[in-house]
Number of protein chains: 2
Amino acid sequence: MMEGSEPVGEAQTAGLVLIGNELLSGKIRDANGPHLVAGLRRHGIDLLEMHVVADNVDAIAEAVNLVRLRRDHCFTSGGIGPTHDDVTMEGVAAAFGVPLEERPDLVEIVSAVFGEGESGQAWRKMAVVPSGTRLEFVRGNWPIYVVENVYVLPGIPEIFRRHFDYLVTTIEAIPIESNVAYMKIGEGELTRPLTELAEAYAGRVDVGSYPVLGHPDYTVKVTLDSRDPQALSEATTRLVGAFPPEVLFELAERVEAGEA
Amino acid sequence: MMEGSEPVGEAQTAGLVLIGNELLSGKIRDANGPHLVAGLRRHGIDLLEMHVVADNVDAIAEAVNLVRLRRDHCFTSGGIGPTHDDVTMEGVAAAFGVPLEERPDLVEIVSAVFGEGESGQAWRKMAVVPSGTRLEFVRGNWPIYVVENVYVLPGIPEIFRRHFDYLVTTIEAIPIESNVAYMKIGEGELTRPLTELAEAYAGRVDVGSYPVLGHPDYTVKVTLDSRDPQALSEATTRLVGAFPPEVLFELAERVEAGEA
């Protein structure tokens with residue numbers, strides 16, 4: 001994206017905060033980030049930042065504040081279980097400057113699911129949430145915790161996906177369309193035409209170029225993204241016209257999110 | 001990690017800034033983060049944060065400053081090619097508040113590799129770096145750009161790996177040892193013993209617990225990490241002793257980085 005350019009239309013923006021020492025030490029390879037990236041893209045929501053932080057209240061609060069104050073939606077993943085290293089609720093409360101409180105409606109759910117024994121007592125931690133938390137009830141035992149524009153999701157991939165897939169459908173956004181040109185040319189020779197194209201369509205079409213090593217048929221993938229089909233079509237024609245025909249290996253139009 | 005706990009010994013700390021719209025839109029799935037996570041872990045360097053940001057000067061500068069000012073080492077990945085969306089050098093210069101300058105020694109390398117034609121002119125952008133940049137010459141055509149404690153690496157995985165694998169060997173650190181207990185028990189029943197263990201060994205052993213869904217033999221993976229072999233051994237004995245023997249499915253000692 002050209003610096004300073006903005007997507008067309010009333011673009012919805014989002015950021016993600018992934019929480020857990022295990023992601024930074026490599027004990028667990030995150031699967032939630034890629035799922036969210038693809039899902040937001042498919043729905044036309046612009047993901048503008050991701051932060052991976054440790055199980056540390058200050059680090060969580062800092063990242064949540066970075067995202068929630070300047071994006072429409074902030075998703076968090078992880079750190080809401082019953083064990084000592086689960087401190088996301090404290091981090092989110094600190095970000096908002098509100099106290100934690102034990103919610104009777106959540107205590108009831110914990111008792112119903114985990115009983116009143118030692119295990120139930122430990123899980124009661126999950127009834128303690130930032131003051132002002134809204135609960136969204138979806139399929140499954142557990143509600144989604146929402147604090148203003150912050151969605152506090154569990155790290156367990158199966159539950160993260162179920163909750164995220166529901167939430168993303170509640171956000172109205174204008175989908176992005178993408179055309180991709182696979183070209184056999186050095187990135188150096190591409191630079192001037194692409195810069196001109198990006199400047200001519202600044203704010204209407206995002207132009208990206210990605211070198212591809214080791215492919216027999218092409219060396220660079222050029223992507224054009226837009227919420228304006230007319231501008232996308234024009235920019236694509238102009239891109240193709242800027243090079244000799246033998247440079248273009250393939251033009252893929254209206255490609256699916258995740259393939260562009 | 002317990003909030004406020006610190007690793008044993010003279011731990012070296014690091015953070016990573018991944019740069020590129022393509023990572024946020026899902027066009028490219030990052031491979032450099034996982035490589036760095038595993039490599040730092042293997043060498044005993046504590047990775048404490050990762051940020052994924054767009055091709056935007058302010059966003060890059062913000063993330064670089066978050067990391068470089070509070071960690072020993074800041075690695076960046078991506079955004080240093082010749083095209084319009086490659087703005088990492090500007091972002092790093094902005095982070096340090098220094099100007100960009102064209103370096104004669106780099107101009108010479110660009111000319112030698114890409115010639116003096118249009119392509120060479122475009123690649124001359126790679127000779128423009130933040131004032132004060134140090135060049136590390138390793139195998140391959142291109143040197144590594146270093147600005148104080150910031151290593152500015154390319155996003156292309158093959159080159160990122162080569163440069164990172166060299167750099168990580170130049171940092172002296174004390175390796176971490178890990179023991180892992182695979183247990184068949186609810187996370188709720190684990191909570192109290194684990195909290196006690198984490199508190200007893202705060203600052204010496206990091207205790208993590210991770211629920212595992214759908215495995216026939218165990219339900220939780222408990223990890224103990226330490227730079228102090230004696231403390232690790234004691235904490236492991238205490239962990240195993242805190243539960244009935246049938247709860248422990250397997251104890252893996254001194255596991256490799258990436259498997260813990």
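## Strands and the shared sheet

Helices (H or I, at least four residues) and strands (E, at least two) are DSSP runs numbered from the N terminus, and two strands pair if DSSP finds at least two bridges between them. In this predicted model, local features need pLDDT of at least 70 and side-chain atom pairs count only at pLDDT 80 or more, whereas totals for chains, interfaces and linings use all residues. Residues are numbered from 1 along each chain as its sequence is written, with chains lettered from A and ligands numbered from 1 in the order in which they are written.

An open sheet of twelve strands, with mixed pairing, runs in the order β6(A)-β7(A)-β8(A)-β3(A)-β1(A)-β2(A)-β2(B)-β1(B)-β3(B)-β8(B)-β7(B)-β6(B). At its edges stand β6 (134-136) of chain A and β6 (134-136) of chain B, each with a single partner strand, so one side of each is left without a neighbour in the sheet. From one strand to the next the twist averages 20 degrees. In chain B, β6(B) pairs with β7 (residues 144-147) in the antiparallel sense over three bridges, and B:Arg134 stands opposite B:Val146 in β7(B).

## Relation of the two chains

When copies are superposed by least squares on the C-alpha atoms of residues with pLDDT of at least 70 in both, a rotation of 180 degrees with 0.0 Å of shift along its axis places chain B on chain A (RMSD 0.0 Å). That is the relation of a two-fold axis, and the C-alpha of chain B nearest this axis, that of B:His51, lies 2.2 Å from it.

The contact, in which residues count if their C-beta atoms, placed from the backbone, lie within 7 Å, takes 60 residues from chain B and 60 residues from chain A. Several elements of chain B each supply at least two residues to the side that touches chain A, among them β2 (46-53) and α3 (57-68), while the largest share, nine residues, comes from α8(B). Because 100% of the interface residues of chain B are also interface residues in chain A, the copies meet through the same surface.

## Packing around A:Val64

A nonpolar core is a set of buried Ala, Val, Leu, Ile, Met, Phe, Trp, Tyr and Cys residues joined through C-beta atoms within 7 Å, where buried means that 20 or more other C-beta atoms lie within 10 Å of a residue's own, with C-beta atoms placed from the backbone. Of the 99 residues in the largest such core, A:Val17, A:Ile60, A:Val64, B:Val17, B:Ile60 and B:Val64 touch the most other members. Not counting residues up to four places away in sequence, A:Val64 touches A:Val17, A:Cys74, A:Thr76, A:Gly91, A:Val92, A:Ala95 and A:Val150.

Note on methods:
Two residues are in contact if their C-beta atoms, placed from the backbone, lie within 7 Å. A residue is buried if 20 or more other C-beta atoms lie within 10 Å of its own, exposed if 12 or fewer, and partly exposed in between; C-beta atoms are placed from the backbone. Axes are lines fitted to C-alpha atoms, for helices over the stretch in contact, and angles run from 0 to 180 degrees between N-to-C directions.
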